[in-house]
Amino acid sequence: LFLQNQVFQTYDLNVSGGGTNATYFFGVNHQDNKFLQKRSGFNKTNINYRGTFEFSKRINLDVQTIYSTSNLKRASVPGYTEFKPYQPFLNADGSPASSYFAPFNENYYGFGTSYGTINSARNQENMALGLYDQMYYPYEEMFESNSEVKSEVYRVQGNLKINLLTGLNLELGGVYEREQDNMTSSASERA
């Protein structure tokens, strides 16, 4: 119910060439990773350019630029050890079944006592009073909540080399880099 076959795919396209006064390399790489957990995965695209230019015997320019964008998605999927082995996740009619976490020491966490997880009868009483359903539905939550992280990185690097005299060079270089991350978590009222 919660897991799938993990698939990792990568695609590359590279072009390089040049002449006596200039060389270039251009590459694009895309990775697509579907995680073991359903509704979860990661993809990334990289674009890379490098070039060298010889304007004269005395002046050279090296340029490198990289752009990368990535997207990470995660759904709420429970771990194997969080539930009892006989815990059902779907009812006989296919609707999500309510569950509760099962730590190793139930008495320590209050499970099985009046201070532990809410029971079905008390939950029905609360819902009759207009309160939310307090039972936990792991299968349903997988579709009702998720988190996503999007990242973009841009980098430019340049180096200008000027041969002033034999044995005396002037080099000017610099780097500009910008990274932006955006994290989003969402859940419906049913999560």
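In the predicted model, Glu148 is partly exposed, with a relative accessibility of 22%. This value lies just outside the buried class, because burial requires a relative accessible area under 20%. The side chain of Glu148 meets that of Lys150 in a salt bridge, with an N to O distance of 4.0 Å. Lys150 also counts as partly exposed, at 45% relative accessibility. In total, 2 salt bridges are counted in the model.

A salt bridge is also formed by Arg155 and Glu177, whose closest N and O atoms are 3.3 Å apart. This pair links distant parts of the chain: Arg155 belongs to strand E5 (residues 145-165) and Glu177 to strand E6, with 22 residues separating them. Arg155 has a relative accessible area of 30% and is therefore classed as partly exposed. Glu177 falls into the partly exposed class as well, at 45% relative accessibility.

Glu148 is also among the contacts of Lys73, a residue of strand E4. Apart from neighbours within four places in sequence, Lys73 is in contact with Phe35, Arg39, Ser40, Gly41, Ser147 and Glu148. Lys73 has a relative accessibility of 41%, so the residue counts as partly exposed. The C-alpha atoms of Lys73 and Lys34 are 9.6 Å apart in space, although 39 residues separate the two in sequence. Arg39, one of the residues touched by Lys73, is placed in the loop between E2 and E3. The phi angle of Arg39 is near 60 degrees, a positive value in a residue other than glycine. At 44% relative accessibility, Arg39 is partly exposed.

The chain as a whole contains 3 helices and 6 strands. The 6 strands form an open sheet in the order E1-E2-E3-E4-E5-E6, with antiparallel pairing. Strand E1 (7-18) and strand E6 (168-187) are the edge strands, each pairing on one side only. Neighbouring strands of the sheet are turned against each other by 5 degrees on average, direction ignored. In general, strands of a sheet pair through backbone hydrogen bonds, in either a parallel or an antiparallel manner.

Within this sheet, E1 and E2 run antiparallel and are joined by 12 bridges. The two strands form a hairpin, with 3 residues between them. Gly18 stands opposite Thr23 in E2. Strand E3 (residues 41-54) and strand E4 (residues 59-75) are likewise antiparallel, and 14 bridges join them. Across this pairing, Ile47 has Tyr67 in E4 as its bridge partner.

Ile47 also takes part in a nonpolar patch on the surface, together with Leu13, Val15, Tyr24 and Phe26. The accessible area of the patch residues comes to about 410 Å² together. The elements that contribute two or more residues to the patch are E1 and strand E2 (22-34). Tyr24, one of the patch residues, is located in strand E2. The relative accessible area of Tyr24 is 37%, so this residue is partly exposed.

Beyond residues up to four places away in sequence, Glu140 touches Pro96 and Arg190.

Over the whole chain of 191 residues, 18% are buried. The accessible surface comes to about 13500 Å², and carbon and sulfur atoms account for 53% of this area. Among contacts with a sequence separation of 6 or more, 55% are between residues 24 or more positions apart.

Key:
Residues are numbered from 1 along each chain as its sequence is written. This is a predicted model: local features need pLDDT of at least 70, side-chain atom pairs count only at pLDDT 80 or more; totals for chains, interfaces and linings use all residues. Side-chain values use heavy atoms; hydrogens and water are left out. Helices (H or I, at least four residues) and strands (E, at least two) are DSSP runs, numbered from the N terminus. Buried means under 20% relative accessible area, exposed over 50%, partly exposed in between (1.4 Å probe, protein chains only). Contact means heavy atoms within 4.5 Å. Accessible areas come from the Shrake-Rupley method with a 1.4 Å probe; for residues, only the protein chains shown count as cover. Two strands pair if DSSP finds at least two bridges between them. Axes are lines fitted to C-alpha atoms, for helices over the stretch in contact, and angles run from 0 to 180 degrees between N-to-C directions. Patches are made of residues with over 30% relative accessible area and no salt bridge: like charges are joined within 9 Å, nonpolar side chains (Val, Leu, Ile, Met, Phe, Trp, Tyr) within 5 Å.
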